[in-house]
Amino acid sequence: MKKLIITASFMALVWSFSCSGDSEEALFDRPDCSVPVSLSGDIMPLLQSNCAIDGCHTAGTGLPDFMVKENILEYADEIKKRTREGSMPPPYSGIVLTSEEINMITCWVDQGKKDN
């Protein structure tokens, strides 16, 4: 009986941790967003050097032109989503954002996508 109580208690403990609202990835992969991120000083240069390149996010490609600030603001949530999941920049491009760069985008969006 004592084994049953111990096992049940352990299972209840495991169950309580597994039922949190966040995924395991979200619990352990949250960037530190205590430092403000600037659109003009951080995000635009990052996107313009890695995304607004020949054949990608420039005028005339059919994709949002990331040389244009308004487009970056409009697509901010999608930029965050796609960079976090690793689908942008696309793997075949040979461009890889660092985790710090991806976290910077995430923090900027989470800080309210300020036009600063």
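Colleague: Where does the lining of the largest pocket come from, and what supplies at least two residues of it?

Modeller: In this predicted model, α3 (39-50) and α5 (76-85) each supply at least two residues of that lining. The largest share, four residues, comes from α5.

Colleague: How is a pocket read, and how much space lies in the largest one?

Modeller: The general idea is that rolling a probe the size of a water molecule over the atoms shows where empty space is left. Here, about 330 Å³ of space lies in the largest pocket.

Colleague: Which residues of the lining lie nearest the centre of the largest pocket, and how many of the lining residues are nonpolar, polar or charged?

Modeller: His57, Leu63, Phe66, Arg82 and Met88 lie nearest the centre, out of 21 residues in the lining. By class, the lining has 14 nonpolar residues, five polar and two charged.

Colleague: What elements does the protein chain have?

Modeller: The chain has six helices and zero strands. Read from the N terminus, the order is α-α-α-α-α-α. Of the contacts with a separation of 6 or more, 57% are between residues 24 or more positions apart.

Colleague: How should I read the largest nonpolar core, and which residues have the most contacts inside it?

Modeller: In soluble globular proteins, nonpolar side chains tend to be buried together. In this model the largest nonpolar core has 18 residues, and Ile43, Leu47, Ile72, Ile105 and Trp108 have the most contacts inside it. Two or more residues of this core come from each of α3, α5 and α6 (99-110). Over the whole chain of 116 residues, 27% count as buried.

Colleague: What is Trp108 in contact with, leaving aside neighbours within four places in sequence?

Modeller: Its partners include Val37, Leu39, Ile43, Ile72, Leu73 and Ala76. Lys113, Lys114 and Asn116 are also in contact with Trp108.

Colleague: Where is Ser38 placed, and what does its side chain reach?

Modeller: Ser38 is in the loop between α2 (24-28) and α3. Its side chain reaches the backbone nitrogen of Gly41 at 2.9 Å. Not counting residues up to four places away in sequence, Ser38 touches Ile43 and Asn116.

Colleague: Why does Glu100 count as exposed rather than buried?

Modeller: A residue counts as exposed when its relative accessible area is over 50%. Glu100 is exposed because its relative accessible area is 58%. Glu100 is placed in helix α6. Along the sequence, Glu100 and Pro31 are 69 residues apart, while in space their C-alpha atoms are 8.6 Å apart.

Terms used:
Residues are numbered from 1 along each chain as its sequence is written. This is a predicted model: local features need pLDDT of at least 70, side-chain atom pairs count only at pLDDT 80 or more; totals for chains, interfaces and linings use all residues. Side-chain values use heavy atoms; hydrogens and water are left out. On a 1 Å grid over the protein atoms alone, a cavity is a set of points where a 1.4 Å probe fits but cannot get out, and a pocket is an open set with protein on both sides within 12 Å along at least five of seven lines; lining residues have an atom within 4 Å of a point. Grid points are joined across faces, edges and corners, and a volume is the space filled by probe spheres set on the points. Ala, Val, Leu, Ile, Met, Phe, Trp, Tyr, Cys and Pro count as nonpolar, Asp, Glu, Lys and Arg as charged, and the others, Gly among them, as polar. A nonpolar core is a set of buried Ala, Val, Leu, Ile, Met, Phe, Trp, Tyr and Cys residues joined through side-chain atoms within 4.5 Å. Buried means under 20% relative accessible area, exposed over 50%, partly exposed in between (1.4 Å probe, protein chains only). Contact means heavy atoms within 4.5 Å. A polar contact is a pair of N or O atoms within 3.5 Å; within protein, one must be able to donate a hydrogen and the other to accept it, and residues adjacent in sequence count only if both atoms are side-chain atoms.
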